[in-house]
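Let's take a walk through a protein together. Have a look at the sequence and the structure first, then read on.

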Amino acid sequence: MGSPTETPRRYHHGDLRDALLRRAEEVLSADGADALSLRGIARDVGVSHAAPRRHFADKQALLDALAEVGYARLGRELDAAIADGDATEGRPFLDRLVALARAYVGFAVRDAELLELMFAGKHRPGASEALIDAGRRAFAAPLALIAAGQATGEVVAGDVERVSTAGWAGIHGLATMANAGLVDVAALPDLLPEVVERLVLGLRPRP
């Protein structure tokens with residue numbers, strides 16, 4: 001949590017941008033986006049109030065940079081969730097989808113404020129191409145998995161993005177319910193496979 005009495009964080013020459021982003025994410029997580037300011041994070045890392053403007057023109061630029069960091073992290077976590085499946089022939093589609101769901105819901109619960117900022121940034125009018133591309137890259141793994149499921153006949157045919165959106169809505173909805181206190185976070189490990197299995201029943205082609 002940001003505080004005028006906090007000891008300024010030290011950084012090595014050349015990594016001020018990263019230090020500012022790390023501190024901004026801490027403030028975001030503790031107090032929300034409204035509590036963020038360039039002046040505040042400059043104070044917290046121990047630099048002049050003008051120093052952040054070398055890297056971020058204004059607060060929106062800082063928020064967009066944070067969103068890009070979040071999408072990059074989410075993308076790595078989703079990729080890692082099914083990396084073994086890509087290397088091991090025969091891993092069931094359902095197992096891989098459960099792994100993806102665990103990774104996504106884990107991120108969404110752990111970094112709820114960051115995820116909200118990511119979606120808000122990507123869909124705001126005037127969002128940069130860099131941020132939009134970061135969002136696309138983050139969700140490449142789910143798209144690839146649905147496309148693979150379509151290729152093997154395990155997922156209904158159709159536009160892969162539309163089918164993925166329909167399926168992913170259930171997984172995102174579970175994360176939203178957990179963050180709202182409507183689902184016990186401690187119950188998620190046992191609940192996720194059941195939710196995904198019921199989701200897959202809806203994705204399967206009908207005879």
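What you see is a predicted model, where local features need pLDDT of at least 70, side-chain atom pairs count only at pLDDT 80 or more, and totals for chains, interfaces and linings use all residues. Residues are numbered from 1 along each chain as its sequence is written, and side-chain values use heavy atoms, with hydrogens and water left out. pLDDT is the predictor's confidence in each residue, from 0 to 100. The mean for the protein chain is 88, and 90% of its residues reach 70 or more. Over residues 1-8, though, pLDDT stays under 50. Where pLDDT is low, the predicted coordinates should not be read in detail.

Now find helix α6, residues 129-138 (helices are DSSP runs of H or I, at least four residues, numbered from the N terminus). Leu131, Ile132, Ala134, Gly135 and Ala138 are buried here (under 20% relative accessible area, with a 1.4 Å probe and protein chains only). Seen down the axis of α6, these buried residues fall within an arc of 155°, so they line one face of the helix (the arc is that of the directions from the helix axis to the C-beta atoms). On the other side, Glu129, Arg136 and Arg137 are exposed, meaning over 50%.

α8 gives the largest share, eight residues.

Methods
Helices (H or I, at least four residues) and strands (E, at least two) are DSSP runs, numbered from the N terminus. Contact means heavy atoms within 4.5 Å.
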